[in-house]
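Please read the following note alongside the sequence and the structure. It takes up confidence and salt bridges in turn.

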Amino acid sequence: MGILSRNGLLMILLLFLFGAVRIHAEIKTCTSKSSPCRFKKMICPAQCPSSSPKDPKAKVCYINCNSPVCKAECKNRKPNCNAPGAGCYDPRFIGGDGIVFYFHGKSNQHFSLVSDRNLQINARFVGLRPAGRTRDYTWIQALGVLFDSNTFSLEATRAATWDDKIDHLRFSYNGKELMIPEDHLSVWQSPEEDIRVERTSKTNSVIVTLPEVAEISVNVVPVTKEDNRIHNYQIPSDDCFAHLEVQFRFYGLSSKVEGVVGRTYQPDFENPAKPGVAMPVVGGEDKYRTTSLLSADCSSCAFSPSEVSEQKDSVVTEYGMLDCTGGASGGNGIVCRK
């Protein structure tokens, strides 16, 4: 009898604790007419009860309104350089097909990463070419985003030496510089509410959200002395080449999406990069070069917002934030098939 009583009390206590956690957990829902989860209530998991936690290192509650699963999940707020949609290092990308590839471009030039009818994302590369090298070492220094008739840019500012307590991010919207307070969870939103920028740490990290279009996680980092030693970049003493680590999540790209990264989301795209190769480099400089950070004039660019209302093309389901490391050494040859 005593054992039964103790078991009963334990069960009541567990139910109470479970209920307490649920009380403090956010309830999320989707409002888009096209979402299979529209107006369904989804409770955030106990491991990530909030979509805006006070702790910058905590995971956040997230719902994918395009997924038929209709379940709240936990995710990291900073870019995962070993998952689909990532662009890090010099630059090493992981496509929507989960395959790792390198695209070097050229220093001080601009290239289209994603080009679809309603979205254009360009990158400015910075770098250097030491004597005797046949190509530039490059990193992503800035992103330019075009949507509807608007433009947005963010860039890593130059730094001689690295101090993570100093913010190295600069923003602009429709040609005007934005000032976003240096504080975890500081938010700026456009008057039309079609773009939102939220700091995910006091300095150097943000998430850019275009509702129902895309989400971009960004982190500013330097080229470290260790990286410089290992790769023999020959970085000068007065520039640590502050650059961006990025990870993209897309919602409903068309099947004709283009760009260095965008093309890997095409349903029938055959990636020329071979899994298992130490450094699979792909081309496309001529196809995807733009004249500026906020131009959509590359020869293969598809950006045409005037056609969006007439779009009847099929869309590509997004799996962009899956962790697909799969035990591959160094992240080479990550493959996550849809």
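The numbered points below concern a predicted model.

1. Confidence. The average pLDDT of the chain is 86, and 84% of the residues score at least 70. Residues 14–23 have a pLDDT below 50, and beyond near neighbours in sequence this stretch has three contacts in the model. Residues 319–338 also have a pLDDT below 50, but here the model shows 54 contacts beyond near neighbours in sequence.

2. Salt bridges across the structure. A search of the whole structure finds twelve salt bridges. The points that follow discuss some of them.

3. Glu 26 and Lys 28. These side chains form a salt bridge, with an N to O distance of 4.0 Å. Glu 26 is partly exposed, at 26% relative accessibility, and Lys 28 is partly exposed as well, at 21%.

4. Arg 158 and Asp 238. A salt bridge of 3.8 Å, N to O, joins these two side chains. Arg 158 belongs to the loop between strand E11 (150–156) and strand E12 (169–173), while Asp 238 belongs to the loop between helix H2 (225–231) and strand E18 (243–250); the pair therefore ties together parts that are 80 residues apart in sequence. Arg 158 is exposed, with a relative accessible area of 57%, whereas Asp 238 is partly exposed at 42%.

5. Arg 196 and Glu 198. The side chains of this pair meet in a salt bridge of 3.4 Å, N to O. Arg 196 is partly exposed, at 30% relative accessibility, whereas Glu 198 is buried, with a relative accessible area of 7%. Together with Arg 77, Arg 196 and Glu 198 are linked in a network of salt bridges.

Note on methods: Residues are numbered from 1 along each chain as its sequence is written. Side-chain values use heavy atoms; hydrogens and water are left out. pLDDT is the predictor's confidence in each residue, from 0 to 100. Contact means heavy atoms within 4.5 Å. Buried means under 20% relative accessible area, exposed over 50%, partly exposed in between (1.4 Å probe, protein chains only). Helices (H or I, at least four residues) and strands (E, at least two) are DSSP runs, numbered from the N terminus.
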